[in-house]
Protein chains: 4
Amino acid sequence: MTSPRQQKWRQAIANTFINQMPFNQLLGIELMDYSATGVKLKLPMDPKLVGNPIHGILHGGATATILDVAGGMTAAAAAVKRLENLSSKELSARISKTGTIDLRIDYLRPGIGEVFYATAEIIRSGNKVTVARMELHNQEGTHIAFGTGTYLVG
Amino acid sequence: MTSPRQQKWRQAIANTFINQMPFNQLLGIELMDYSATGVKLKLPMDPKLVGNPIHGILHGGATATILDVAGGMTAAAAAVKRLENLSSKELSARISKTGTIDLRIDYLRPGIGEVFYATAEIIRSGNKVTVARMELHNQEGTHIAFGTGTYLVG
Amino acid sequence: MTSPRQQKWRQAIANTFINQMPFNQLLGIELMDYSATGVKLKLPMDPKLVGNPIHGILHGGATATILDVAGGMTAAAAAVKRLENLSSKELSARISKTGTIDLRIDYLRPGIGEVFYATAEIIRSGNKVTVARMELHNQEGTHIAFGTGTYLVG
Amino acid sequence: MTSPRQQKWRQAIANTFINQMPFNQLLGIELMDYSATGVKLKLPMDPKLVGNPIHGILHGGATATILDVAGGMTAAAAAVKRLENLSSKELSARISKTGTIDLRIDYLRPGIGEVFYATAEIIRSGNKVTVARMELHNQEGTHIAFGTGTYLVG
């Protein structure tokens with residue numbers, strides 16, 4: 001179960017990622033769902049996000065970006081759950097240091113679609129390092145990419 | 001040595017990547033050098049590319065994007081070298097199918113800087129698959145990220 | 001559905017991997033199940049496979065080995081399915097060239113157990129390149145490692 | 001410069017990796033050089049290490065194993081340097097918890113040779129996580145594989 005305190009922290013984290021990170025706003029990343037164990041993000045296709053101009057395919061860098069954001073937000077939610085008993089000041093300091101150590105993207109199919117959805121789940125959660133797996137699908141459920149990210153938390 | 005035909009092909013490829021891919025233009029990626037064995041790209045820092053807004057750090061997705069572009073362009077140059085004897089039509093068809101299979105980014109230091117430079121070199125070149133290693137440095141030579149990309153070519 | 005011809009090919013491939021590859025025999029890898037879409041391998045724990053001697057943990061290199069074998073066998077099965085109409089000579093030549101391009105292992109928990117099971121499934125299947133995801137569990141179902149492998153086939 | 005205390009610690013670590021880890025002894029991994037910034041390991045080719053039996057090629061799992069060992073030993077040496085002022089008891093406890101979080105291997109060429117050499121260098125060194133790059137060459141200097149490993153230290 002997730003406590004009210006955790007929910008408030010996730011709202012603050014979501015606000016940072018979605019509303020205060022300029023590059024996420026440039027892409028147009030939106031939040032759909034955010035819990036203690038996962039996140040769902042939405043990216044409406046837009047001409048500016050295209051890589052291959054002939055086939056109108058989502059740029060692989062946009063795919064990497066949204067999957068990294070999904071992984072990072074999930075790692076931060078796991079940290080909030082684990083560190084819930086810290087003071088707000090300490091927790092804030094720890095969360096603000098969340099960073100990606102490494103990221104692997106597997107591109108499965110061309111990024112064709114009108115809307116893309118990124119999801120993430122934790123596969124390893126430790127005191128210092130969290131590993132997440134991410135997926136990108138389009139509005140028809142076509143699986144476009146897998147991601148694996150290793151995050152330093154606090 | 002690189003032939004005039006190869007140079008013409010690389011100019012065409014560079015034109016596609018730099019001038020015709022909307023997402024690369026959105027970021028502001030510029031070409032500095034492009035040979036049969038490597039590429040050097042430039043990314044001037046810009047407020048819109050920031051991830052962490054407190055410290056003004058380049059978003060990890062922007063890092064992934066420019067490293068993937070550097071790897072893809074180098075893989076395409078290697079394909080041109082290898083397939084130089086094909087007809088223009090065949091070569092064009094092969095090159096246009098270049099795609100990233102998988103990408104790993106290792107984030108070494110925060111992306112702080114005024115200008116970033118991405119370089120790539122081929123570490124495995126085959127008939128079907130090319131693997132490249134990429135690096136991102138800032139204007140002071142600080143090493144910010146490593147990348148490894150596996151590309152399908154033609 | 002899987003044809004008798006495919007089954008015969010998989011038997012031959014399994015025979016190669018399990019009975020004719022010395023390093024797989026050194027570890028003691030056994031085959032449990034092999035279909036057109038996946039494989040299940042078994043590795044009984046043995047003192048010689050230990051990395052950390054204090055806690056008797058399976059060496060990460062043994063984990064990498066069995067996950068790579070699972071991925072490679074699954075990639076070969078996918079190739080058999082795709083290339084079923086080739087002559088036996090051509091098919092044999094293509095299969096024998098199966099090789100790992102790159103491999104990522106995510107170590108989730110210490111490799112503690114009496115028996116380990118590796119499974120693999122295809123996530124991208126193309127003419128030239130196949131990508132597989134692999135998992136390692138122990139006899140209690142504890143999830144020990146994830147793998148992702150990119151394979152060149154034929 | 002490296003202090004006598006660091007050297008003693010590295011000797012103890014090397015003794016653990018080379019003489020007390022059964023799987024490393026099964027393969028026949030030998031130590032050639034071990035400093036604060038890198039390691040060089042040696043693996044004489046042996047029939048039991050073969051994967052592809054037709055061409056007598058080193059199994060990709062053996063490659064992954066020795067590269068992971070090289071990366072782990074280098075991460076431990078970096079930890080010794082960083083934590084030199086801890087008491088022996090604390091340092092021992094920290095070092096003994098060194099573990100691989102994730103590992104990527106890029107297979108560049110078939111593992112053909114009489115002797116293989118693995119080297120590693122640190123590319124990111126932090127309080128909690130160290131990232132190393134590794135290389136495998138044969139006795140003629142042919143570059144066979146690259147590795148990238150993320151290690152939890154202490």
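**Two interfaces of chain B**

Colleague: How many salt bridges does the rule find across the interface of chain D and chain B?

Modeller: This is a predicted model, in which local features need pLDDT of at least 70, side-chain atom pairs count only at pLDDT 80 or more, and totals for chains, interfaces and linings use all residues. Side-chain values use heavy atoms, without hydrogens and water, while residues are numbered from 1 along each chain as its sequence is written, and chains are lettered from A and ligands numbered from 1 in the order in which they are written. A salt bridge needs a side-chain nitrogen of Lys or Arg within 4 Å of a carboxyl oxygen of Asp or Glu, and Asp106(D) meets Arg133(B) in this way, at 3.8 Å from N to O. Across the interface of chain D and chain B, the count is four salt bridges.

Colleague: Why do the copies, chain D and chain B, meet through the same surface?

Modeller: Contact here means heavy atoms within 4.5 Å, and it takes 14 residues from chain D and 14 residues from chain B. The copies meet through the same surface because the share of interface residues of chain D that are also interface residues in chain B is 100%.

Colleague: Which residue of chain D comes closest to the rotation axis?

Modeller: Superposing the copies by least squares on the C-alpha atoms of residues with pLDDT of at least 70 in both, one finds that a rotation of 180° with 0.0 Å of shift along its axis brings chain D onto chain B (RMSD 0.0 Å). The two copies are therefore related as by a two-fold rotation axis. At 4.3 Å (C-alpha), the residue of chain D that comes closest to this axis is Arg104(D).

Colleague: In the contact of chain A and chain B, which residue forms a salt bridge with Asp102(A)?

Modeller: This contact takes 31 residues from chain A and 31 residues from chain B, and the count of salt bridges between the two chains is two. In one of them, where the closest N and O atoms are 3.3 Å apart, the partner of Asp102(A) is Arg104(B).
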